[in-house]
Amino acid sequence: MKKLRSFILNLYPTTKFFVAVFLMITPLLLPGYLYSYLAPVLCLIIAMVAGKTKLYIDIVFKGLISIVVMIFLLQSFFYPGDTILWSWSIFSIKQEGIDFSLQLTSKILAVGSAIVLFFQITKINDLSRSLEILGVSPKATYVLSSALNIIPEMRLHLLRIMDAQRTRGVETEGNLSIRMKAFIPALTPLILSSFSSTDEKAITLESRAFTARTKKTSLHKLEKTKSDNLVRAILLIVFVSILIWRFFL
């Protein structure tokens with residue numbers, strides 16, 4: 001298990017991206033919805049091997065699935081069709097709506113699960129550095145990494161602020177009204193700390209000649225291995241096979 005975990009986590013970022021793209025595109029190419037519903041399970045297995053099970057489940061099963069269920073219900077009730085399975089007042093569930101809902105929600109779940117998996121097994125710094133190696137501007141990669149890191153950073157700031165409030169005797173746990181009363185006063189220091197951290201980052205970047213018009217160097221090194229070539233070759237063979245089976249056989 002440790003070897004598999006190391007194998008997955010040490011893959012080159014672009015290789016992980018190809019894996020995610022493969023898991024996103026193949027459900028759109030294959031007919032039906034069985035494989036599309038199996039794709040999130042495959043992503044879960046990869047996340048388990050990589051040691052990211054909890055984070056994957058928190059995002060997919062607590063966030064994405066609730067959205068998928070809502071879409072499924074709306075399409076089941078309002079998609080046009082003639083085969084009515086159940087009706088009450090102005091509401092009715094049609095067979096055509098269920099079929100369309102299964103197709104639509106399976107694709108959404110497969111694509112969303114692949115995106116979540118990619119960001120769980122890929123470090124933001126590795127992703128930014130790989131983009132720079134491909135020729136993307138360091139400014140663009142910095143904007144990307146900052147955008148991806150802003151929510152985790154603000155969450156950590158908020159947790160620190162809530163801990164500070166608890167040490168001062170402020171009640172932060174309980175029902176919804178108590179939590180809201182504790183959360184709203186925490187917004188001001190959270191916003192102010194975000195502004196101050198932005199200034200600190202700008203000063204740090206200038207001290208490292210970030211805006212200098214010279215070729216940039218980096219201490220963060222990334223290297224492709226034989227494992228990357230193997231994974232890419234397997235993905236290419238399987239993808240071409242699917243295309244041939246889908247459109248030419």
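This report describes a helix pair, the aromatic ring pairs and one arginine in a predicted model.

Residues are numbered from 1 along each chain as its sequence is written, and side-chain values use heavy atoms, with hydrogens and water left out. Because the model is predicted, local features need pLDDT of at least 70 and side-chain atom pairs count only at pLDDT 80 or more, whereas totals for chains, interfaces and linings use all residues.

**Helix packing**

Helices here are DSSP runs of H or I with at least four residues, and strands are runs of E with at least two, numbered from the N terminus. Helix α3 (residues 34-49) packs against helix α5 (residues 95-121) at an angle of about 20°, and their axes are 7 Å apart; the axes are lines fitted to C-alpha atoms over the stretch in contact, with angles running from 0 to 180 degrees between N-to-C directions. The two helices α3 and α5 are therefore roughly parallel to each other, a term for angles under 35 degrees. On the α3 side the contact (heavy atoms within 4.5 Å) is made by residues including Y37, P40 and I46, and on the α5 side by residues including L102, L109 and L117. By class, this contact of α3 with α5 has 11 nonpolar, 5 polar and 1 charged residues, where Ala, Val, Leu, Ile, Met, Phe, Trp, Tyr, Cys and Pro count as nonpolar, Asp, Glu, Lys and Arg as charged, and the others, Gly among them, as polar.

**Aromatic pairs**

The whole structure holds 5 aromatic pairs, meaning rings of Phe, Tyr and Trp (its six-membered ring) with centres within 6.5 Å, of which planes under 30 degrees apart count as stacked, over 60 as edge-to-face and the rest as tilted. Two of the pairs are set out below.

| Pair | Distance of centres | Angle of planes | Class |
|---|---|---|---|
| Y33 and Y37 | 6.1 Å | 80° | edge-to-face |
| Y79 and F100 | 4.5 Å | 15° | stacked |

Y79 is partly exposed at a relative accessible area of 27%, and F100 is partly exposed at 31%, where buried means under 20%, exposed over 50% and partly exposed in between (1.4 Å probe, protein chains only). F17, F18, F118 and F119 form one aromatic cluster.

**Arginine 129**

R129 lies in helix α6 (residues 124-133) and is buried, with a relative accessible area of 17%. Apart from its neighbours within four places in sequence, R129 is in contact with S218, H220 and L222.

Notes
Parallel < 35°, antiparallel > 145°, perpendicular 65-115°, else oblique.
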